[in-house]
Number of protein chains: 2
Amino acid sequence: MAKAYVVAILGATGAVGTRMIEQLEQSTIPVKEVHLLASSRSAGKTLTFKGQPVTVEEATPDSFNGVDLVLASAGGSVSAKLLPEAVKRGAVCVDNTSHFRMDDNVPLVVPEVNPDALNHHNGIIADPNCSTIQMMMALEPVRRAFGLRRIIVSTYQAASGAGQSAINELEDEARDYLADKPMNAAVLPVKGAEHHYPLAFNLLPQIDVFEEDGYTHEEWKMIHETKKIMLGDKNSPAIKVTATCVRVPVPIAHGESVWFEVGAGNTPSADELRAAMSGFPGLVVQDDPANQVYPQPINAAGSRDTFVGRIRPDQETPGAYNLWVVSDNLLKGAAWNAVQIAEELVARDLVHVPAGAAEKFM
Amino acid sequence: MAKAYVVAILGATGAVGTRMIEQLEQSTIPVKEVHLLASSRSAGKTLTFKGQPVTVEEATPDSFNGVDLVLASAGGSVSAKLLPEAVKRGAVCVDNTSHFRMDDNVPLVVPEVNPDALNHHNGIIADPNCSTIQMMMALEPVRRAFGLRRIIVSTYQAASGAGQSAINELEDEARDYLADKPMNAAVLPVKGAEHHYPLAFNLLPQIDVFEEDGYTHEEWKMIHETKKIMLGDKNSPAIKVTATCVRVPVPIAHGESVWFEVGAGNTPSADELRAAMSGFPGLVVQDDPANQVYPQPINAAGSRDTFVGRIRPDQETPGAYNLWVVSDNLLKGAAWNAVQIAEELVARDLVHVPAGAAEKFM
């Protein structure tokens, strides 16, 4: 009989955590037992897994005793504190927070793009940023077929990237706006920041905190995660990347306008790009302008797939192209990509912490 | 005593038309008499000009008898039919529709950028597309100080670009969505198109109809209008431009994420760019990341100014930069720019149709 796994979900009550439960229910992973972990505030709540009630427990280091696999999405500081404890206890962790993504000991994985990076994990595997994942999904088939030299991306990111509280805030603001009442912002653009601004019927060109160079941390993530995923080196100059990240009044599913240059000397047609993309798992080409077919958040929300369209050459720069890519930021951008990494770990029989690995995170 | 002008506003009841009335009320143009023109459907309505009631009249060729200046925003087919009639009757027309913009006999003018193009008008002056205008406002001071070689723009365009009916549709959809009812789209993305999609809590990567090359006509406009305004030639290769235009669920004020390259060999700092922009009339630099200061539609709506922020160098391409620009698409993007053109025509004593000019539009 195939091995079955004890799986813990850390941050189980959040927007991503609840979807991790659903995605795990629907996954190919044989689950022997599931532990739903959260902060003390949520402990005692009852959720369900495959129809059975499961009580949420407070996450402590000892929560990971006997656990094989952890799916974590409880915030960077929680992962920083608890995942080394989980690894020490022999649990392999898939972390959806940004905390370990740039650690050289931690693979950063989109399973369709760089699954082999899993082979040498040290107990923690990082799930990339939602905006990065969907861009990788659209561009990896291009890179494989025609090379990739440069990316310039502008994002249209949904409120849910900042959690369920941001979705609630967007809807409350929209209700107030439509009733001619003042809008009250307390969450966006960044929880705990000095200023909050309404997102409803507005645009916020700030996602995450600002770096000293004027880029936001979200933009920084898109630049360096792209390089680490595609090139194995977060600072590689082989693909140039720049990004502008903007929050838009959409609850779920990010849009991205991506300009890119393929390898020197290559000038594939839009049809050749579409053909390359059509064969890529998890990527759906929705690109029929004559019939007004193109990706929209309202259609992508709830799907594991990434949708790409508006594929067309830059008319003045040979080898350069524009496209538009949309995906559910909570599924392929977070919960599904994490569960997919776990499936791949199971399929490769990699659900064990190598000897000596735990010390790397101490 | 200074000359006073008889001014007609064509399309006076629309989202832009009503704002043309307001902007004309607040302008420096000495108005002797105002005629408010619209379709037969709106004829008979009463609007006000400087506190006085004015009855809306049906627009016909003879409506322009005795008129000095026309501000038009009633749709391309109406301008196509009526503005040559107005010019024939001696009226100088500022047209907010796209119909005449690419005509070599028609100057396409942003007064802060290329006012001298007015000097040789033939009775019709075109007001550029809203998305183009605000991008010109942000980039013209850059071009003057450091040159400009390339623009890659992604837009975040408000519903009102498609008129008052699109604002109403967005708000109705939002109400339905929040009440868990299905959303009904009948206007966006393009009036009269085969398919309509909801904009509320969604993104529509289609503005205007598609060209055969996969670009929308809106994207085509941004490319060719930029070249005509900055270089005097709609096909000039001297500045490369590519665009992706997306409608976002915002009622008023467009956002744009703009990547650009300055002249070869120039590598101004972000501070030098900000300094160049700060001195440009009508452009307000809102760029203080440490204090979360950046342009937002909610703040720009209702202002004549264009707001620019998030100015920062591309970290891997010397001489390339990103910025974020926001402006009220109905004011600087339409009504105010049109009235501003009219003010400039008055200031330059150009409110007369040159002999023989009318035939150019017959």
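**Sheet and cavities**

Colleague: Which residue is the bridge partner of Ala72(A) in β7(A)?

Modeller: Asp95(A) is the bridge partner of Ala72(A). This is a predicted model, where local features need pLDDT of at least 70, side-chain atom pairs count only at pLDDT 80 or more, and totals for chains, interfaces and linings use all residues. Residues are numbered from 1 along each chain as its sequence is written, chains are lettered from A and ligands numbered from 1 in the order written, and side-chain values use heavy atoms, without hydrogens and water.

Colleague: How many bridges join β6 and β7 of chain A?

Modeller: Four, in the parallel sense, between β6 (residues 69–72) and β7 (residues 92–95) of chain A. Two strands count as paired if DSSP finds at least two bridges between them. Strands are DSSP runs of E, at least two residues, and helices are runs of H or I, at least four, numbered from the N terminus.

Colleague: What is the strand order in the sheet?

Modeller: The order is β5-β2-β1-β6-β7-β8 in chain A, an open sheet of six strands with parallel pairing. The edge strands, β5 (57–58) and β8 (124–126) of chain A, each pair on one side only.

Colleague: New topic. Which elements give two or more residues to the lining of the largest cavity?

Modeller: β9 (150–157) and β11 (254–261) of chain A, together with β9 (150–157) and β11 (254–261) of chain B.

Colleague: And the second largest cavity, which elements each supply at least two lining residues?

Modeller: α4 (164–178) of chain A and α4 (164–178) of chain B.
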